[in-house]
Amino acid sequence: MATIKGLLKRSPDTPEAPGVHPQALWSFRPRSDREAGDAIVSNLLLHWFPSKVYKPSLDWSYSFWLGTASAALFLLLVVSGLPLLMLYVPSVERAYQSVKDIEYVVTFGWWIRAVHRISAHLMVVAVALHLVRVFLTGAYKNGVGQGQCREWNWVIGVVMLLLTLFLSFTGYLLPWDQLAFWAVTVGTNIASSIPWIGPTVRELLIGGRTIEQATLIRFYVLHCIMLPGALGVLFAYHMWRVRKDGGLAKADHEAVLANQQPVPPVASKTYTLLGVARGTAPTVKVTSVEAPDLTVSAVPDLTRRAAIVVLATFALVSILASAIPSPLEEPANALVTPNPAKAPWYFLWLQEIVTDTTIRIGSFTINGAFLGGVILPGLLITLLTVWPWLDRSSALSTGRWFPKDRRTQNAMFLALVLLVLVFTVIGMFLRGPYWNFYWPWEAWPEIPARI
Amino acid sequence: MAETPKDSAPKDRREFLWKLGTGAGVVAIAAQTVASLRSLVPNVSYDAPTTVKVGLPDEFPDGLKFLPDERLFVFREGKTFHAISAVCTHLGCTVRAEALSQPEDTTIEGQRLRLTHRFSCPCHGSRYRGDGAAVSGPAPKALAWYHLSVSPDDGQLTVDLAREVGQDFRLTLA
């Protein structure tokens, strides 16, 4: 007891041996640079931050903090997933009933499920917007630092977006209701439309030839263990790379502007404070980082903003979860396909594409399932992945909104995003029974539920 | 100075052991990966059997009867039967039948066929004619026709969902 008190009481001015921290605990309100650096170095949760950050890269209007929001949502999903994991039963006989129990019987069950569901939807939005932001600001480009490879972090990011979508897809099978059953029927049939290997891939995905218990348990394990695990590992790597690449791309932009003459790189304050290896470590030109008016201590400037973003995300999700009830359709029924059978909103553009892309040339037919469900999305993902290597704009356009020499590619990218949005809106609002086109003011015809 | 065999022996041994160790490690990881992945490929199928008895012929009305469990339409015209799959060829949703106001008579593959219905898919809007031919929408091919027979033991209609037949197939009862 006395030792702990002694440790806590020790004054920061007490002379210490190098490497020994004057305080046992860190401060979120540091009074000196030393204390601010200490807060980073001696805190397990903060040690992945640099101790000094480039101030303009914290701007709300540069990054909109979408990556932080995505991470907060992922955290919320893991946390809200834990009670659900104990309440949900992954068996075709009991899955639907257990979700119904969570919704109507378990105390606060509806709220936990709603938090999980709303976070999942918002995470798709946040991750997608994060990708859009990174593209538009050319933040996958390397600037002035040594050893940067931001293009690979972009690739990791694209994989993380796909994992996020696949997590959603596996998640909505679990209630084993009509939406679940038919979404998986359509989704796995898209896989089976690949020539030669398709049927095998589908069989491996669903563990047989029909969607049954084997399918449910496979999707359950993917949803609860494999995909979140993979996402967690990639998230850690993503953050480490941001650190290695010298922080947000905005810092590079400002550094280039501040000093356009080539200057031999010098290990930055940021890294030497932590004793991270010099020389091979990425460095930012000394002019930008040493200017004291342009850098701030990560504690409290970065931590405060991150805390605001995380808390705001939690608050938003809590409010939405209380206001928006989670739907549960009828139990899965292999005998009746709902009419119309719609995918969740973020896959509606794909549903629209697979509808429109069956091509007939004479007697030769290419199934829209393959063209629209595999080839087109595959092309889109490939293009996204390799884009950093095709982008020939100058390093001056790194970390800036709408730079002149990236105008064409930004416009093309936005056009593609817009196209996806248009297809989504058509699928969401303008498609009725039998996937026929209806204007919003047109009434859908009465269709008997069964024949 | 040239190495004597005595000098090189320990180095060779070290190299050999290093390679042996690394190789063993790689083989072990590869074997475990293969074993884990192979275990996920089912050896036994618990899927529903493909040959199904669907009831006595007399239980089928003239015209169309939908069998939801088999996702199958069975057509009857007097003593003649044929069966068309209700699984959309695009992405596998169950199509719905709509009765035509006026039945049409056509000839398909040299056989007369009375078209009483048409089919539409609720998922992506494919449309099929009464004989299963894809008319519009994304469906890449016609609905499958399946083999029908009469079970010798109890006289029930039996459908073989693993045996597609041509559109001239008819089962005619004596």
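This is a predicted model: local features need pLDDT of at least 70, side-chain atom pairs count only at pLDDT 80 or more; totals for chains, interfaces and linings use all residues.
In which sense, left-handed or right-handed, does H6(A) pass H7(A)?

Now, to the helices. In general, a pair of packed helices is described by two things, the angle between the axes and the distance between them. Helix H6 of chain A covers residues 109-136, and helix H7 of chain A covers residues 150-171. Their axes come within 10 Å and cross at roughly 160°. Angles over 145 degrees count as roughly antiparallel, and therefore H6(A) and H7(A) are roughly antiparallel to each other. And here is what I promised you: the crossing of H6(A) past H7(A) is left-handed.

Which residues of H6(A) and H7(A) meet? On the H6(A) side, find A:Ala120, A:Met123, A:Val124, A:Val127, A:Ala128, A:Leu131 and A:Val134. Facing them from H7(A) are A:Trp154, A:Gly157, A:Met160, A:Leu161, A:Thr164, A:Leu165, A:Ser168 and A:Gly171. Sorted by class, this contact has 11 nonpolar residues, four polar ones and no charged ones.

Although A:Trp176 is not a glycine, its phi is positive, about 55°. Is A:Trp176 buried or exposed? Since 20 or more neighbours make a residue buried, A:Trp176 counts as buried because it has 24 C-beta neighbours inside 10 Å.

There is also A:Trp65, again not a glycine, with a positive phi of about 55°. Look for A:Trp65 in the loop between helix H3 (60-63) and helix H4 (66-87) of chain A. A:Trp65 has 23 other C-beta atoms within 10 Å, so this residue is buried.

A:Ala332 sits in the loop between helix H14 (298-323) and helix H15 (348-356) of chain A. Its 21 C-beta neighbours inside 10 Å are why A:Ala332 counts as buried. Take A:Gln178: A:Ala332 is 154 residues away from it in sequence, yet the C-alpha atoms are 4.3 Å apart in space.

While we are at helix H14, please find A:Pro300, which is in that helix. The peptide bond from A:Val299 to A:Pro300 is cis, with omega near 10°.

Next stop, A:Glu103, in helix H5 (residues 95-104) of chain A. With 17 C-beta neighbours inside 10 Å, A:Glu103 counts as partly exposed. Leaving out neighbours within four places in sequence, its contacts are A:Gly109, A:Trp110, A:Arg113, A:Ser326 and A:Leu328. From A:Glu103 to A:Pro327 there are 224 residues in sequence, but 9.4 Å from C-alpha to C-alpha.

How many residues of chain B are in contact with chain A? There are 26, and they touch 31 residues of chain A. That side of chain B divides into 15 nonpolar, seven polar and four charged residues.

Key. Residues are numbered from 1 along each chain as its sequence is written. Chains are lettered from A and ligands numbered from 1 in the order in which they are written. Helices (H or I, at least four residues) and strands (E, at least two) are DSSP runs, numbered from the N terminus. A residue is buried if 20 or more other C-beta atoms lie within 10 Å of its own, exposed if 12 or fewer, and partly exposed in between; C-beta atoms are placed from the backbone. Two residues are in contact if their C-beta atoms, placed from the backbone, lie within 7 Å. Axes are lines fitted to C-alpha atoms, for helices over the stretch in contact, and angles run from 0 to 180 degrees between N-to-C directions. Angles under 35 degrees count as roughly parallel, over 145 as roughly antiparallel, 65 to 115 as roughly perpendicular and the rest as oblique. A crossing is left-handed if the near helix is turned anticlockwise from the far one by less than a right angle, and right-handed if clockwise. Ala, Val, Leu, Ile, Met, Phe, Trp, Tyr, Cys and Pro count as nonpolar, Asp, Glu, Lys and Arg as charged, and the others, Gly among them, as polar.
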